[in-house]
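Here is a short note for a colleague who is opening this structure for the first time. Please keep the sequence and the 3D view at hand while reading.

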Amino acid sequence: MGCATRTIKCVLLIFNTLWAIFGVLLLLLAGFGWDAMPQNYGIGIIALGCVILLTSLFGCFGSIRESARSLWTYAVMLLIILVLTVVFICLNTRDVFKNYAIQEVNQLWEQELIHPGAMDQKQLVYECCGKNGPDDYLLAGRITPSSCCKDSNCINPLNIHINGCLSKIEEAFSNEALTSQISEWVLLGLNAVVLLMSIMLAIHYTNQRRRFNY
């Protein structure tokens, strides 16, 4: 059991280091992408990042100090994350970010009709023009803004982006649902494997302490 214990211990340390990095990345994602996602999702990502960081600390501490109590706490926290992941997979609405981006474009276009320039940032980022295409500006009695053109040069008609922002967003987020599903199932599988390993290590250290006490 000695060699197996050391192997499990090393695997848990490596996993928890990566787990902590993942938690930090989630917090950065929520911070930098706050305006690009629904607020409840942003709050959820921040909460998940904090839980992952806290969980990884218990895992590292329990493995390094060979503390059965910390490892049992770690296992319980992993079990909670596992259950929450299953619930999230069952209840998660697909294409959340795409639908949010589409809703944002619709709102920005309404603002564009009242306050010219509201669509500029989206048009520059996605290299698109108008909600459905350049004709949107013509129908609104407006000239095509420079943000609709390559290098902001609209003198040459060939520089005008012909795609509307809605279609470009559909294209940009076309793989969101598949990527989300793969990420969720990979996270679920890793969580289950590490949970099993942490329980094995916790049982080993618990039995070791009992033998020592006797």
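The numbered points below go through the model part by part.

1. **Kind of model.** This is a predicted model.

2. **Annotated spans.** The UniProt record, an unreviewed entry, carries the annotation "transmembrane region". The annotation covers residues 12–34, 40–64, 71–89 and 185–205. Take residues 40–64 to begin with. This span is 100% helix and 0% strand in the model. Its end C-alpha atoms lie 36 Å apart. Residues 71–89 are likewise 100% helix and 0% strand. Here the end C-alpha atoms are 26 Å apart.

3. **A nonpolar patch.** Which residues make the nonpolar surface patch of about 730 Å²? They are I14, L18, I21, V24, L25, L28 and F32. L25 lies in helix α1, which runs over residues 2–32. F32 is found in helix α1 too. F32 is exposed, because its relative accessible area of 75% is over the 50% cut-off. Please look at F32 and I64 together. They are 32 residues apart in sequence. In space, their C-alpha atoms are 34 Å apart.

4. R69 sits in helix α3, residues 68–91. Is R69 buried or exposed? R69 is exposed, with a relative accessible area of 68%. Along the chain, R69 and T206 are 137 residues apart. Their C-alpha atoms are separated by 8.3 Å.

5. Two helices, α4 (96–114) and α5 (120–126), each supply at least two lining residues. Which helix gives the largest share of the lining? That is α5, with four residues.

6. Side chains of opposite charge can pair when their charged atoms come close. How many salt bridges does a search of the whole structure find? It finds two. One of them joins K122 and E104, with the closest N and O atoms 3.0 Å apart. K122 lies in helix α5 and E104 in helix α4, so the pair ties together parts that are 18 residues apart in sequence. K122 is buried, because its relative accessible area of 15% is under the 20% cut-off. E104 is partly exposed, with a relative accessible area of 22%.

7. **A salt bridge to a loop.** The side chains of E112 and R142 also meet in a salt bridge, at 2.5 Å from N to O. E112 lies in helix α4, whereas R142 is in the loop between α6 (135–139) and α7 (165–172), so this pair ties together parts that are 30 residues apart in sequence. How accessible is E112, buried or exposed? E112 counts as buried, at 0% relative accessibility.

8. **Q107 on helix α4.** Q107 is another residue placed in helix α4. Q107 is partly exposed, with a relative accessible area of 43%. M119 is 12 residues from Q107 in sequence. From C-alpha to C-alpha, Q107 and M119 are 9.6 Å apart.

9. **Positive phi angles in loops.** E127 has a phi near 50 degrees, a positive value in a residue other than glycine. E127 lies in the loop between α5 and α6. At 48% relative accessibility, E127 counts as partly exposed. D151 has a phi near 55 degrees, again positive in a residue other than glycine. Where is D151 found? D151 is in the loop between α6 and α7. D151 is exposed, with a relative accessible area of 69%.

Methods: Residues numbered from 1 in each chain as written. Predicted model: local features only at pLDDT ≥ 70, side-chain atom pairs only at ≥ 80, totals over all residues. Heavy atoms only, no water. Buried < 20%, exposed > 50% of the residue type's maximum accessible area, 1.4 Å probe, protein only. Patch = residues over 30% accessible without salt bridge, like charges linked within 9 Å, V, L, I, M, F, W, Y side chains within 5 Å. Areas by Shrake-Rupley, 256 points an atom, 1.4 Å probe, with all protein chains shown as cover. Salt bridge = Lys/Arg side-chain N within 4 Å of Asp/Glu carboxyl O. UniProt positions renumbered as here; feature names shortened; annotations may be inferred.
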